[in-house]
Amino acid sequence: MEDWRPPILESERLYLRAIEESDDESIYSYACNEEVAMFTSWYAHESIEDTREFINKYVMEGYARKTPEPWGITLKENPEMIIGTVGLTWSSRSDHIMRFHYCLSDTYWGQGIIPEAGQCLIDHAFDVYKPKRIYAYCTTKNKSSAKALEKMGFLSEGTTRAALYSKGEYRDTLNYGMIDTDWAAWKAAQVKKAG
């Protein structure tokens, strides 16, 4: 089996890199937090064994299939410590549609980390994987995620009622999407704004 890993991606403050087995403690440090897991599809990790299972079963098996996710988010000043994850999964390869998702340690909430990591990853995705469409969603109660997606250039596509059954309840979702031409226009607007 080929030992494939996603490439290291770089933004102004961050490195996005492959997750390794040695990252178990840094991932567990936030994955055990109920607040971090509140709006995710997974439950807070009860022990480091849960984190090791996530790495071995989900991450490594995904890499073995050359799935382009997840990347570990690290700050450039401390690239050894994973502070969150960001990824893209194929919703439909034949239709060229991907889904964007992420998780971040609550220590780093409100610092623009996810928009920065997301922009870096989405740029890479459109360049390498050539999707026509990338979409994302969050629950209607997760207002901070909605703001982060909008900062990345995602466009609101409305609300879907009872779209997600998670942790024993149906949840309404806020839906976001972008297509390749949206991304090109958004990037051009950002360059113009910066100049």
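Reader: In which loop does His96 lie?

Author: The model is predicted, so local features need pLDDT of at least 70 and side-chain atom pairs count only at pLDDT 80 or more, while totals for chains, interfaces and linings use all residues. Residues are numbered from 1 along each chain as its sequence is written, and side-chain values use heavy atoms, with hydrogens and water left out. Strands (E, at least two residues) and helices (H or I, at least four) are DSSP runs numbered from the N terminus. His96 falls in the loop between β4 (84–92) and β5 (97–104).

Reader: What is the phi of His96?

Author: His96 is a residue other than glycine. Its phi is positive, near 60°.

Reader: Is Thr139 buried or exposed?

Author: Thr139 sits in strand β6 (residues 133–139). Buried means under 20% relative accessible area, exposed over 50%, and partly exposed in between (1.4 Å probe, protein chains only). Thr139 has 6% relative accessibility, so it counts as buried.

Reader: Which residues does Thr67 touch, not counting residues up to four places away in sequence?

Author: Thr67 is in the loop between α3 (48–64) and β3 (71–75). At 15% relative accessibility, it is buried. Contact means heavy atoms within 4.5 Å. On that basis Thr67 touches Trp4 and Gly62.

Reader: What is the orientation of α4 and α6 to each other?

Author: α4 and helix α6 (residues 180–194) pack at about 125°, with their axes 11 Å apart. Axes are lines fitted to C-alpha atoms, for helices over the stretch in contact, and angles run from 0 to 180 degrees between N-to-C directions. Under 35 degrees is roughly parallel, over 145 roughly antiparallel, 65 to 115 roughly perpendicular, and the rest oblique. The pair is therefore oblique.

Reader: Which residues of α6 make the contact with α4?

Author: From α4 come Gln119, Ile122, Asp123 and Phe126. From α6 come Asp180, Trp183, Trp186 and Lys187.
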